[in-house]
Amino acid sequence: MAKPIVYIDHVEITYNLGQENEFKANKGTTLEVFDQEYIILFGPSGCGKSTLLYSIFGVLPPSAGKMYVNGESIYDYAPMDMVFFQRKTMGIMYQQFNLIPSITVLDNVALPLIFDGIGPREREIRAMELCKRFSVDKVVQKLPTHLSGGQQQRVSAARSLVNDPQILIADEPVGNLDSVTAAAVMATLDEINQRDKKTIFLVTHDAKLLPRAHRVVYMNDGRVLRVVPNPEKDQIIKLEAGSTIVTEIEQVARIYPYDSPKELQAKSLINFLTEELSFDQISKLQKLTEQVIEGRIDYPQYMQILMRSEHEGGIGIPVARAGIMVDRLKLIIEHAHDVERYRRATAKEGGETYIRNTEYVNRIAEFLSTQCALTLGEKEKIFFEDIIKQRIGGFTRKEDFLEQIQLKSDDGGVGLHAKQAFDVTRLIEKLIALGIQRTANH
Amino acid sequence: MRLHDIGKLSTRMFKTNPARTWLTIAGMGIGTGAVVTLVALGFGLQNIILEQIVFGETLLSLSVSSPLTRGVQLNDAAIADFRAMPNVKDVAAMAQFPTLITMKGLTGNAFVQGVDPAYYRYIGASAVAGELHTEKNKNTTTDGVVLTKALLKLFDIADPKDAIGQTVTFRVLVPVEGKDDVQEVPIDRNYRVIGVSNDDAFISAFMQLSELRNYIQITQYEKAQVRVTASEFLAPDTALIIGKGYIVTALSKTVDQANKIFSGIQVVLAVFGSIALAVSAIGMFNTMTVTLLERTKEIGIMRTLGASSQDIKILFLSESVIVGFLGGVMGITFGLIIGGTLNGLVNLAAANFGGKAMTLFSFPITFLLFIAAFSAVVGFLTGVFPAVRASKLSPLDAMRYG
């Protein structure tokens, strides 16, 4: 097998070594990465992924273990050799772009060549070429602050390639960009990996990006949890059949990115025991439902896709079940609107309740009663509405609500038994979850 | 990195922070300006004094006189003896007698001095009006006399020009050989005033030595000016002449002493100026340190883009050298403006009140070049500490800091 381009050999990284605030950010990492691989270091913030990334880059010496790049232990380099290593072998992209604001875009791109002592003509040709490629050639004479975020990150991509490095490291390169711009920058990175044949290390906590990598290194709490080859991409290193097997866990991991393998295994089992839908169907359903909530598709379209079989791009839910789902979804979305309207109206009127607001609560109470098949007397209805007001107004917690509706009507409650109370609470929480989010968005 | 790129990267502060940069330069400028002005005043004063005494050959002349004990005499034989000494180019003798001098019907006591034309050069005399005896005009000016400025005061002539062309007559008092008596020898010739010399202390009239000899037998000279060929022979020839029993004074010694005194004065003035310069240097140091803090993140970024710590150090140092140098140039400009203005005012006052025009502040070009270079050095020094700190920053810490 080919030699790895990067070999991380039992690396531990400790900040403030020997001081009171000593902190071990990496607790022993071993990893082999091969030429032209696209590696994502993935994990929640503080998991040590960026620390590892900067250690590969040569600016964060490990407190134990060795870091080999191209077979050489980089932290044994003399200072000038380290500079040459960073100049020739490594390119870097940051979340904050980190362009120098006082020099033009073209000079920013050419900066690594300037430090390398390359003459103006040669470096301008090279920088201009990259600017053209990343479509920032129209703005080369501007200062970086006059550029949009996406443009700045493309300038930064051009800069990272100007020295023609072997390895590109990128620390949350799209963390500051909107989804459309982010997608464009990620496509750029794909191209750098495939066309320029650069090895890429990308740090992110965004599970959306995972399908782009050859392998994903899941990290948490300073440790590598697991290294997972991406089944959707041709691997650089041809693994022997049977040496690794892609399981459902990887799919569950996309839904619950921060869970440990044990938790993921449990989730996989629970899914089988409690739901008829597979994780595949859940993933698709999730995306589809998002579109309905955002109003991008209407209910009939939603219903159609629900019913369509999986190989036709649908989700494959039986007709009767789909019908019930759509009806309930419709009702929940409608009454989530009531929650939203109620909150907006009360917020405007300083917490005082007017007739119109009472009407929203009225409707929510009606909906809950119908859905959970409650039969309430006049007195209980009044108390029920009051308790609902308290909850959606944000004055009581979910637990308080559950307790209050189980109280006898003499004590100001509704007198529901435990099962009914549980169902009602669950439903109203869905309304609130949907309604509150909408309020925040508007 | 290339020089051009270093220049480009280390002058960015004029774009990013023009106000602060120019204020720092102005601070350095004021400090340097103070030094320039004060030292220029020192130079000016020195020149004013030295201009009075220093004229080309004067410095190379030894003034020889006979001691009062009369053990040796300054006569023609002695003059010939001096002439024969090594490294002596010329000897000009001066004979002097007390005299009664009559001009415009007034008579006064003065001295008459018989001299060769070269004598004027050797004592550093110059004409404030008319002309002195020269090698060229000596045949046409046998009847010409040169009066000192001091003599004009005796006759109450304010403007030296008024004296030119006046007729004077002499009655010379010649000491009688071997007695303490003097004999009055009237010179039966009318002399015309051809020039006035700049000496305003000694009341005397000069005529050509050969002319004086026509009337008086000169056995002894008052003084002889021995002109040596080069300054390094001043000391040995002085020793030689003293060895013969004569008294020697050299103007060069006086000049040396004056120079020493003025060097002292300049040091004092420069110290005062340096206090101002130190204050501005500290200000500049402060600015450079703040700049360092501001740029910390940028330094980190540059380091990760392939800048070596040496590159970072060079960028910082060249920035501070540029600021220091421009501060120096600004200081020189300040100094020239202040000195020039004061010179103008002094000269204006001099013109109005009849004083002599003079250059109170003097700016030798070498001094100005030195200041420009020196201010760059000061800039360099203020930059060293921040530059070293910047270069030692770990790239990652630097980036996190920002």
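Student: In what order do the 4 strands of the open sheet in chain A run?

Tutor: The order is S2-S1-S4-S5, and the pairing is antiparallel. Keep in mind that this is a predicted model.

Student: Which strands stand at the edges?

Tutor: Strand S2 (23-33) and strand S5 (72-73) of chain A. Each has a single partner strand, so one side of each is left without a neighbour in the sheet.

Student: And what packs on that sheet?

Tutor: Helix H1 of chain A, residues 49-57. H1 touches S1, S2 and S4 of chain A. The direction of H1 makes about 120° with that of S1(A).

Student: How many bridges join S1 to S4 in chain A?

Tutor: 5 bridges, between S1 (residues 6-15) and S4 (residues 64-69). These two strands run antiparallel.

Student: Which residue is the bridge partner of A:Ile8?

Tutor: A:Met67, in S4(A).

Student: What holds paired strands together in general?

Tutor: Strands of a sheet pair through backbone hydrogen bonds.

Student: Where is A:Asn70 placed?

Tutor: In the loop between S4 and S5 of chain A.

Student: What about phi of A:Asp164?

Tutor: Phi there is also a positive value, near 55°. A:Asp164 is in the loop between helix H5 (149-161) and strand S7 (167-171) of chain A. With a relative accessible area of 46%, A:Asp164 is partly exposed.

Student: Now the hairpin of S9(A) and S10(A). Which residue takes a positive phi there?

Tutor: A:Asp221, with phi near 55°. The hairpin has 2 residues between the strands.

Student: How many bridges pair S9 with S10?

Tutor: 6 bridges, in the antiparallel sense. S9 covers residues 215-220 of chain A, and S10 covers residues 223-229.

Student: What stands opposite A:Val217?

Tutor: A:Val227, in S10(A).

Student: Switching to helices. At what angle do H7 and H8 of chain A cross?

Tutor: Roughly 100°, and their axes come within 9 Å. That makes H7(A) roughly perpendicular to H8(A), since 65 to 115 degrees counts as roughly perpendicular.

Student: Which residues make the contact?

Tutor: From H7(A), A:Glu248, A:Ile249, A:Val252 and A:Ala253. From H8(A), A:Leu264, A:Gln265, A:Lys267 and A:Ser268.

Student: How do they divide into nonpolar, polar and charged?

Tutor: 4 nonpolar, 2 polar and 2 charged.

Student: One more in chain A. Is A:Gly435 buried or exposed?

Tutor: Buried, because its relative accessibility is 0%. A:Gly435 lies in helix H15 of chain A, residues 418-441.

Student: What does A:Gly435 touch?

Tutor: Leaving out residues up to four places away in sequence, A:Gly435 touches A:Ala336, A:Val339 and A:Glu340.

Student: How far apart are A:Gly435 and A:Arg341?

Tutor: In space, 8.5 Å, C-alpha to C-alpha. In sequence, they are 94 residues apart.

Student: Last topic, chain B. How is chain B divided?

Tutor: Into domain 1 (3-54 + 257-401) and domain 2 (67-245).

Student: What separates the centres of domain 1 and domain 2 of chain B?

Tutor: 53 Å, with the centres taken over C-alpha atoms.

Methods: Residues numbered from 1 in each chain as written. Chains lettered and ligands numbered in written order. Predicted model: local features only at pLDDT ≥ 70, side-chain atom pairs only at ≥ 80, totals over all residues. Heavy atoms only, no water. Pairing = 2+ DSSP bridges. Contact = heavy atoms within 4.5 Å. Axes fitted to C-alpha atoms, helices over the stretch in contact; angles between N-to-C directions. Buried < 20%, exposed > 50% of the residue type's maximum accessible area, 1.4 Å probe, protein only. Domains from an automatic or database assignment. Parallel < 35°, antiparallel > 145°, perpendicular 65-115°, else oblique. Nonpolar A, V, L, I, M, F, W, Y, C, P; charged D, E, K, R; others polar.
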